[in-house]
Amino acid sequence: MSPINKKKLNKLRKNLDKLDNSFIKLVKKRTEIVKQVLKLKENKSQIVDKKRIKYILNQIRKKSIKKKIDPRITNRIWKNMILSYIDYEKRNFKKK
């Protein structure tokens, strides 16, 4: 790699790092909301809402296409995020 391209690469990576830091803050906020949602659930069976998951993924697909983002990327990100939060809720569910 040429020195010029290496410099460009480093700058782009720094920009990615900044975005990652912003994303971490959003994940923290999302986690706080998920904690509140979990407190409202009375049964462990309420953790997975297949209709809502389908709705969310459909909305993400539409928004991705509208914003010219590859929907396969956003679908995979959201599916993994949803599965991660389902796992989180199952691990933290407290019977009332």
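1. Basis. This is a predicted model, in which local features need pLDDT of at least 70, side-chain atom pairs count only at pLDDT 80 or more, and totals for chains, interfaces and linings use all residues. Residues are numbered from 1 along each chain as its sequence is written, and side-chain values use heavy atoms, with hydrogens and water left out.

2. Fold. The protein has three helices and zero strands, where helices (H or I, at least four residues) and strands (E, at least two) are DSSP runs numbered from the N terminus. Along the sequence the pattern reads α-α-α.

3. Dimensions. The radius of gyration, taken over C-alpha atoms, is 18 Å, whereas a compact globule of 96 residues would have a value near 12 Å; the globule rule is 2.2 Å times the number of residues to the power 0.38. Along the principal axes, the C-alpha atoms fill a box of roughly 60 × 25 × 20 Å.

4. Of the 96 residues, 19% count as buried; buried means under 20% relative accessible area, exposed over 50%, and partly exposed in between (1.4 Å probe, protein chains only). Among contacts (heavy atoms within 4.5 Å) between residues at least 6 apart in sequence, 71% join residues at least 24 apart.

5. Salt bridges. Side chains of opposite charge can pair when their charged atoms come close. The model has five salt bridges, each defined as a side-chain nitrogen of Lys or Arg within 4 Å of a carboxyl oxygen of Asp or Glu.

6. The link between H3 and the loop. Glu 89 and Lys 41 meet through their side chains in a salt bridge of 2.8 Å, N to O. Glu 89 lies in helix H3 (residues 71-92) and Lys 41 in the loop between H1 and helix H2 (50-66), so this pair ties together parts that are 48 residues apart in sequence. Both Glu 89 and Lys 41 are buried.

7. Salt bridges that share partners join Lys 28, Glu 32 and Lys 35 into one network. Between Lys 28 and Glu 32 the closest N and O atoms are 3.1 Å apart, and these two residues lie four residues apart in helix H1 (residues 3-40), about one turn of the helix. For Lys 35 and Glu 32 the closest N and O atoms are 3.4 Å apart; this pair, also in helix H1, is three residues apart, about one turn. Glu 32 counts as partly exposed because its relative accessibility is 30%, and Lys 35 counts as partly exposed at 33%.
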